[in-house]
Amino acid sequence: MTKDEHKAGIGGMANPTRYGIERVAYWLMRLTGLGLLAYFVAHIYETSNILRGQVGWDEFLALTQTTEGHIFLALVIAMCVFHTVNGIRVMLGHGGIGVGTPARPDYPYDPASQNYRHKIGIYSAILLAAIATMYGLAVMFGE
Amino acid sequence: MAQVSSIANEQTSTPVSSSKSVMLRISRYNPEHDDSSKFMEFNVPYEKWTTVLEAILEVKKHFDHSVAVRYSCRQATCGSCGMMINGKPRLACFTKISELDSDVVTVEPMNNFPIIRDLAVKFERLFDTHQKIKPYLIRDDTELETDEREFLQSPKELEQYIQFANCIKCGLCNSACPTMATDSSFVGPQALAQAYRYVADSRDKGKDSRLKIIDESHGIWRCHFAGSCSQVCPKGVDPAMGIQFLRGYLLGFRS
């Protein structure tokens with residue numbers, strides 16, 4: 001990419017403030033996707049500690065039993081639930097399901113593809129992620 | 001340092017009746033000799049009906065005629081005056097200052113388009129991608145040979161694509177698209193929506209060839225359904241809808 005192209009860049013791509021909840025969902029989807037990918041890599045590293053025997057395994061697992069470990073796992077729960085629920089919404093949308101029907105547009109041209117079904121889907125994903133995270137925190141800190 | 005000028009201090013050729021004024025910040029940049037863009041600021045009087053384009057033209061008339069802006073029809077038909085207005089892509093002729101609800105109006109060239117100068121951007125790439133998807137009816141018998149035959153279409157069939165035929169190629173959708181922000185090769189929402197416009201046309205027989213064109217790594221699969229393209233479209237085209245329908249064909253949801 002050259003300067004001449006005047007691209008908005010990663011800052012423009014990631015800015016979730018200008019285009020409504022759909023753009024926020026897009027941003028969260030990418031962020032949680034990257035977060036889950038990082039967790040996946042870390043998880044492989046974590047489970048590979050079994051090769052160090054019982055002691056090595058217990059030592060590493062003890063990290064997840066700390067306050068920081070609990071918060072980290074709560075974040076993983078949040079990312080996983082949001083990515084799953086919103087992912088189902090996006091996959092249905094990608095198939096053309098629930099994106100409205102073509103019609104002659106009338107001013108002020110509210111886009112049919114950004115309809116209440118998708119907004120409910122996005123808010124549901126956020127709400128379910130929050131509930132699951134709170135439940136996870138209650139379980140982990142309630143031990 | 002931004003330069004601030006005021007029409008109230010100038011000798012104007014037309015009487016200024018407005019009591020309200022707005023600070024118009026115009027991005028100035030000439031790629032031939034500037035390293036970066038800078039803003040010039042002007043106090044411009046406005047009425048309830050004054051558009052951003054009219055305010056820019058006031059500046060050109062009274063302060064600085066060198067401000068580069070592209071415009072033509074002034075009625076949201078030609079698609080020439082797309083620009084970033086207070087951080088969002090809009091048509092300057094279709095955006096009233098009073099609707100922005102701000103004392104400061106900042107105008108910049110559209111993102112994701114190379115700058116010619118100031119607010120004017122190059123459209124070559126948009127036209128190239130538009131042409132790439134074959135924006136015309138494809139069928140063996142395109143030429144009418146007798147007066148007795150024409151390509152009949154029912155109102156219901158017309159409804160399937162007429163919304164997408166409203167595209168004025170202003171480029172606002174490409175400017176708002178988060179994928180276009182980083183991917184220089186992405187075909188873009190404008191071209192994809194136009195691909196659907198022709199695929200959905202009952203007279204057209206070129207569906208397979210168009211789907212083949214967009215079914216590539218920088219094609220339709222780079223769309224993540226953020227929907228920003230549809231939110232900024234000044235003609236109600238809703239490119240996001242067309243793109244998802246188009247992808248529905250490729251995924252087997254539609255036939």
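This is a predicted model: local features need pLDDT of at least 70, side-chain atom pairs count only at pLDDT 80 or more; totals for chains, interfaces and linings use all residues.
**View 1. B:Ser217 and its surroundings.** B:Ser217 counts as exposed because 9 C-beta neighbours lie inside 10 Å. Residues are numbered from 1 along each chain as its sequence is written, and chains are lettered from A and ligands numbered from 1 in the order in which they are written. You will find B:Ser217 in the loop between helix 7 (207-214) and helix 8 of chain B. (Helices are DSSP runs of H or I with at least four residues, strands are runs of E with at least two, and both are numbered from the N terminus.) B:Val187 is 30 residues away from B:Ser217 along the chain, and their C-alpha atoms are separated by 10.0 Å.

**View 2. Two residues of chain B with positive phi.** Most residues other than glycine have a negative phi. B:Phe225 has a positive phi, near 60 degrees, and lies in the loop between helix 7 and helix 8 of chain B. B:Phe225 counts as buried, since 24 C-beta neighbours fall inside 10 Å. For B:Lys134, phi is likewise positive and near 60 degrees; this residue sits in the loop between helix 3 (124-132) and helix 4 (155-159) of chain B. With 16 C-beta neighbours inside 10 Å, B:Lys134 counts as partly exposed.

**View 3. A cis peptide bond in chain A.** Most peptide bonds are trans. The bond from A:Tyr107 to A:Pro108 is cis, and its omega is near 15 degrees. Look for A:Pro108 in the loop between helix 4 and helix 5 of chain A.

**View 4. Helix 5 of chain A.** Helix 5 spans residues 116-141, 26 residues in total, and reaches 37 Å from its first C-alpha to its last, close to the 38 Å expected at 1.5 Å a residue. (The expected span is 1.5 Å times one less than the number of residues.) The buried residues of this helix include A:His118, A:Ile122 and A:Ala125. Their packing partners are helix 2 (20-47) and helix 4 (67-94) of chain A. Chain A as a whole has five helices and zero strands.

**View 5. Where chain B touches chain A.** This contact takes 39 residues from chain B and 33 residues from chain A. (Two residues are in contact if their C-beta atoms, placed from the backbone, lie within 7 Å.) On the chain B side, helix 8 (228-232) and helix 9 (239-251) are the elements that give two or more residues. Helix 9 of chain B provides the largest share, seven residues. Sorted by class, the chain B side has 18 nonpolar, 16 polar and five charged residues. (Ala, Val, Leu, Ile, Met, Phe, Trp, Tyr, Cys and Pro count as nonpolar, Asp, Glu, Lys and Arg as charged, and the others, Gly among them, as polar.)

Notes. A residue is buried if 20 or more other C-beta atoms lie within 10 Å of its own, exposed if 12 or fewer, and partly exposed in between; C-beta atoms are placed from the backbone.
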